[in-house]
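Let us work through a protein model together. Look at it first, then follow the questions.

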Amino acid sequence: MTDAARPTDAELDLLAALWQRRKATVRELHAAVAPDGHVGYTTVLKTLQIMHEKGLVTRDESAKTHVYRPARPARSTRRHLVRDLAARAFAGSTRALVLEALAAKRPTREELAELRAALDRLDDQAPPDPNPPGAPS
């Protein structure tokens with residue numbers, strides 16, 4: 001995903017609705033993201049057209065009503081966004097990114113337990129340290 005294809009906040013709202021539904025028409029997406037009508041139908045349509053040009057969504061034009069689908073799974077897009085944020089705002093440091101995220105929004109005890117379990121799984125998968133502390137150089 002290039003910088004030009006990085007989704008805006010409005011595009012992420014539409015992607016979230018598409019990831020939940022797997023496919024949708026403009027009318028369905030408009031109802032999902034703007035149930036109170038604060039965003040116009042034509043705004044949603046134009047945003048989807050731009051997203052199609054950016055490669056964020058696919059469009060089935062075989063019927064009168066076009067059907068949109070996300071071009072990439074949610075996990076893939078989110079991981080790209082996190083890698084991009086780490087590179088741009090944290091000099092590529094995963095540690096700095098995670099510590100800042102934890103400082104910005106304190107996790108619940110349940111979330112902390114999930115984080116510890118995830119860290120344990122990562123630790124189990126990590127290759128052995130080639131230079132462990134105290135090893136001769």
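Questions on salt bridges and a surface patch follow.

Student: What kind of model is this?
Tutor: Residues are numbered from 1 along each chain as its sequence is written, and side-chain values use heavy atoms, with hydrogens and water left out. Local features need pLDDT of at least 70, side-chain atom pairs count only at pLDDT 80 or more, and totals for chains, interfaces and linings use all residues, as this is a predicted model.

Student: How many salt bridges does the rule give?
Tutor: Side chains of opposite charge can pair when their charged atoms come close. The rule asks for a side-chain nitrogen of Lys or Arg within 4 Å of a carboxyl oxygen of Asp or Glu. The count is four.

Student: How far apart in sequence are the parts that Arg6 and Asp84 tie together?
Tutor: Arg6 forms a salt bridge with Asp84, with N and O 2.9 Å apart. Arg6 lies in the segment before helix H1 and Asp84 in helix H4, so the parts tied together are 78 residues apart. Helices are DSSP runs (H or I, at least four residues), numbered from the N terminus.

Student: Which residues does the network join?
Tutor: Arg88 also forms a salt bridge with Asp84, at 2.8 Å. Both lie in helix H4, four residues apart. Salt bridges that share partners join Arg6, Asp84 and Arg88.

Student: Is Glu11 buried or exposed?
Tutor: Glu11 meets Lys54 in a salt bridge. Buried means under 20% relative accessible area, exposed over 50%, partly exposed in between (1.4 Å probe, protein chains only). Glu11 has 4%, so Glu11 is buried.

Note on methods: Helix = DSSP H or I, 4+ residues; strand = E, 2+ residues; numbered from the N terminus.
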